[in-house]
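Please look at the sequence and the model below before reading on. The paragraphs that follow take up the packing of aromatic rings, then a sheet, and finally a helix.

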Amino acid sequence: MPFAPRRTISSGFRRTLGRTVIVAGLLAGLQLPAMADDLADVSQLLRAGQHAQALSKADAYLSKNPRDPQMRFLKGVILTEQNKPNEAIDIFTKLTKDYPSLPEPYNNLAVLYAAAGRYDDARLALDKAIRTNPTYATAYENLGDVHAKLASQAYDKALQLDHNNAGAKSKLTMIRTLVGNTTGGTNPQVAVVAAAPAKPEPPKAEAKPEPKPEPKPEPKPKPEPKPEAPKPEPKPQAEPKPDPKAEQKRREAEAKREAKAKADAERAEVLAAVSHWAKQWSERDVKGYLNAYSNDFTLPAGQSRKDWATERRARIEDKKHISVKIESPQVSVSGNTAMVKFRQIYDSDTFHADSRKMLTLVKQGGKWLIKQERASN
């Protein structure tokens with residue numbers, strides 16, 4: 001019985017969480033001694049946020065059934081929720097050894113590794129999850145996020161070596177916006193091994209004086225050759241004249257590269273604005289959320305700006321938690337106006353929605369602000 005995948009807000013990676021409804025079938029073929037009542041009780045305590053009680057009940061069950069994979073898996077989830085990553089990693093690692101055909105423990109290991117910045121370990125764990133289940137979509141998505149993080153670190157290193165690399169700068173901004181990543185790369189220390197000193201050469205034995213040779217008769221001087229006539233110096237070749245057509249093509253190609261870099265940077269700025277709007281919404285920061293809208297925002301029919309802001313504030317503040325995820329964004333920019341189409345995944349303690357949305361943004365005072373918000377096909 002697996003645990004349906006749920007997105008973690010902090011890291012951007014998906015993991016299998018015990019808080020969600022238990023679904024029968026994934027661990028089919030294994031002998032699962034866990035009783036449904038015990039699993040349901042622990043899952044209910046976990047969903048209610050009663051982590052200590054859930055852990056106590058799980059430990060009590062495992063003391064009698066130490067090999068049960070489902071309850072061990074739930075215990076790993078509980079430890080993760082209690083911010084005990086090392087203990088959770090130990091649980092999931094042992095599960096992968098005892099039950100190597102299950103992809104979920106590998107996936108959760110990857111989430112914990114990624115949260116600790118161990119992206120190579122996360123990549124290896126996700127590769128194993130996919131090998132055990134080639135149709136595991138969550139593992140593929142997490143693997144994409146891990147590769148995006150590794151790419152972000154590579155672009156960051158490129159910028160450290162060349163601050164004027166506009167292409168790397170725009171790609172780095174875009175990747176950080178898409179995966180919600182705000183950290184840069186690292187500079188690993190390189191160990192330097194000192195060269196061993198050269199061995200001194202042994203002293204050479206003193207050479208005995210050789211006997212002086214008897215003087216030979218001096219040879220007769222040969223007649224000096226007649227000097228050759230000086231060769232004429234070659235005429236300097238004229239430098240080739242520049243091809244005006246080739247120069248024009250070079251200038252046009254350079255202009256296209258600059259225009260593309262500028263367009264990429266503008267799209268990255270727009271995506272950053274939309275990402276910030278979703279972040280403020282997720283953090284229930286009403287002031288930051290409302291500040292993302294322009295003064296001439298298109299209001300719903302019959303509403304004033306004050307009434308609209310009051311309604312939005314109430315919808316945000318009455319939620320215990322909110323998660324807003326932006327996926328598959330498409331950006332087009334024309335002057336000071338931009339249009340962004342994307343898939344919005346909204347999740348709160350009272351409501352869940354997966355929908356398409358379109359935002360129209362305008363650049364005012366150097367900032368991209370939302371002018372219109374509506375559903376999209």
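W308 is buried, with a relative accessible area of 1%, where buried means under 20% relative accessible area, exposed means over 50% and partly exposed lies in between, for a 1.4 Å probe and protein chains only. The model is a predicted one, in which local features need pLDDT of at least 70 and side-chain atom pairs count only at pLDDT 80 or more, while totals for chains, interfaces and linings use all residues. Residues are numbered from 1 along each chain as its sequence is written, and side-chain values use heavy atoms, with hydrogens and water left out.

A pair of aromatic rings is described by the distance of the centres and the angle of the planes. Rings of Phe, Tyr and Trp (for Trp, its six-membered ring) pair if their centres lie within 6.5 Å, and planes under 30 degrees apart count as stacked, those over 60 as edge-to-face and the rest as tilted. By this criterion the structure holds 10 aromatic pairs. Helices (H or I, at least four residues) and strands (E, at least two) are here DSSP runs, numbered from the N terminus. Ring pairs join W277, W281, Y289, Y293, F297, W308, F342, Y346 and F351 into a cluster.

Turning to the sheet, four strands form an open, antiparallel arrangement in the order β3-β4-β5-β6, two strands being paired if DSSP finds at least two bridges between them. Because β3 (322-334) and β6 (367-375) stand at the edges with a single partner strand each, one side of each is left without a neighbour in the sheet. Neighbouring strands are turned by 30° against each other on average, direction ignored, the axes being lines fitted to C-alpha atoms (for helices over the stretch in contact), with angles that run from 0 to 180 degrees between N-to-C directions.

Strand β5 (residues 352-364) then pairs with β6 in the antiparallel sense over eight bridges, with R374 of β6 as the bridge partner of M358.

Elsewhere in the chain, helix α3 (residues 69-81) is largely enclosed by the rest of the structure, because 12 of its 13 residues are buried. Among these buried residues are F73, L74, V77, I78 and L79, together with R72 and E81. The N-terminal end of α3 is capped by D68, a side-chain oxygen of which lies 3.2 Å from the backbone nitrogen of Q70. After the helix comes N83, whose phi is positive, near 60°.

Terms used
A polar contact is a pair of N or O atoms within 3.5 Å; within protein, one must be able to donate a hydrogen and the other to accept it, and residues adjacent in sequence count only if both atoms are side-chain atoms.
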